[in-house]
Amino acid sequence: DENKVDGNPWDIKFLAMFHMSNDSGLFRDARRRGELAVPVRLYEAKLVHQFDHRWATYVGDGDESRDMTDAEKVDASKGVQPRYWLDESEGIDRLNSRSLPLQWAIGYRDICRNTDMRTLISAAIPTMAVDGGFPLLFPLAQSNLRGTSCALLIGNFNALVCDYVVRQKATGAHLKYFHVRQLPVLRYDGYSDDEQLAIVSRVLELSYTAND
């Protein structure tokens, strides 16, 4: 309840970073990647799953995608192959314009169905270029403990109880900001030290699987 003084204790800020239609002039496919000064991957929601920023990858010229194999995931240097690339400066400008941190962030899949195995799918991903279909969330209330607070949010979003509530609210194919603002998210100061350690260590083990 953001009408209250303490109604948004996490001080969450949302960001839909790049839009596939409006920003398409910035994108380059694999054949035109050399036109960019510092090319970075454009992350799309379909490449991500729960706790996993390497769920899927494009193949060839980016016309088709497939799941990443276990053998590929064992290699910590192996990243996803995107469909499009952007110049790094474009992503930096968009993050800096809102005073948001660089390098990585957390988010969730916008496309969802309450008939799928899971409806709310959240993970940490590299942030230099992210499609708006994977909205990013920045918990700014604990900027000095960013890793901890982000891990707690990922754990909360991917919990079965939270997913059950999402299924009651999301009747269409998109998980909108107003849905997320209504979710049963615990306050960051509602965890004991032991609970934080138990959750953060597990989220970190599931998420921090590659060098990127």
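**Labels and the values behind them**

Analyst: Start with E72, which is found in helix α1, residues 70-74. Keep in mind that this is a predicted model.

User: Why is E72 called buried?

Analyst: Buried means under 20% relative accessible area. E72 has 15%, so E72 is buried.

User: What makes the pair of E72 and R66 a polar contact?

Analyst: The cut-off for a pair of N or O atoms is within 3.5 Å. The side chains of E72 and R66 are joined at 2.7 Å, so the pair falls within that cut-off. The E72 side chain also reaches the backbone nitrogen of T69, at 2.9 Å.

User: Which residues does E72 touch, leaving out those up to four places away in sequence?

Analyst: E72 touches R54, R66 and K78. Touching here rests on heavy atoms within 4.5 Å.

User: Now Y58. Where is Y58 placed, and why is Y58 called buried?

Analyst: Y58 sits in strand β3, residues 56-59. Its relative accessible area is 4%. The limit is under 20%, so Y58 counts as buried.

User: What does the side chain of Y58 make a polar contact with?

Analyst: The partner is the side chain of E44, at 3.2 Å. The limit is within 3.5 Å, so the pair passes on distance. E44 is also among the residues that Y58 touches beyond four places in sequence. That list also includes K46, L47, E64, Q81 and R83.

User: How far apart are the C-alpha atoms of Y58 and V80?

Analyst: They are separated by 7.3 Å. Along the chain, Y58 and V80 are 22 residues apart.

User: Where is R28 found, and how do you know that R28 is buried?

Analyst: R28 is in the loop between β1 (12-15) and β2 (39-41). Its relative accessible area is 18%.

User: Which backbone oxygen does the side chain of R28 reach, and which residues does R28 touch?

Analyst: The R28 side chain reaches the backbone oxygen of G25 at 3.0 Å. Beyond four places in sequence, R28 touches R33, E35, L36, R83, Y84 and W85.

User: Why does L183 count as buried?

Analyst: L183 has 9% relative accessibility, and the limit is under 20%, so L183 counts as buried. L183 lies in the loop between α5 (177-180) and α6 (193-207). Leaving aside neighbours within four places, L183 is in contact with L120, F157, C162 and V166.

User: How far apart are L183 and R83 in sequence and in space?

Analyst: They are 100 residues apart in sequence. From C-alpha to C-alpha, L183 and R83 are 32 Å apart.

User: Now the whole chain. How do you know that its radius of gyration agrees with a compact globule?

Analyst: A compact globule of 212 residues would have a radius of gyration near 17 Å. The chain has 17 Å, so the two agree. Along its principal axes, the C-alpha trace spans about 50 × 40 × 35 Å.

User: How many helices and strands are in the chain, and what share of its residues is buried?

Analyst: The chain has 6 helices and 8 strands. Buried residues make up 44% of the 212 residues.

User: What share of contacts between residues at least 6 apart join residues at least 24 apart?

Analyst: The share is 73%.

User: How many positive and negative side chains does the chain have?

Analyst: There are 25 positive and 30 negative side chains. The centres of the two sets lie 3 Å apart. The accessible surface comes to about 11200 Å², and 50% of that surface belongs to carbon and sulfur atoms.

Terms used
Residues numbered from 1 in each chain as written. Predicted model: local features only at pLDDT ≥ 70, side-chain atom pairs only at ≥ 80, totals over all residues. Heavy atoms only, no water. Helix = DSSP H or I, 4+ residues; strand = E, 2+ residues; numbered from the N terminus. Buried < 20%, exposed > 50% of the residue type's maximum accessible area, 1.4 Å probe, protein only. Polar contact = N/O pair within 3.5 Å; in protein donor to acceptor, adjacent residues only side chain to side chain. Rg over C-alpha atoms; globule rule 2.2 N^0.38 Å. Areas by Shrake-Rupley, 256 points an atom, 1.4 Å probe, with all protein chains shown as cover. Lys, Arg positive; Asp, Glu negative; His and termini not counted. Charge placed at Lys NZ, Arg CZ, Asp CG, Glu CD.
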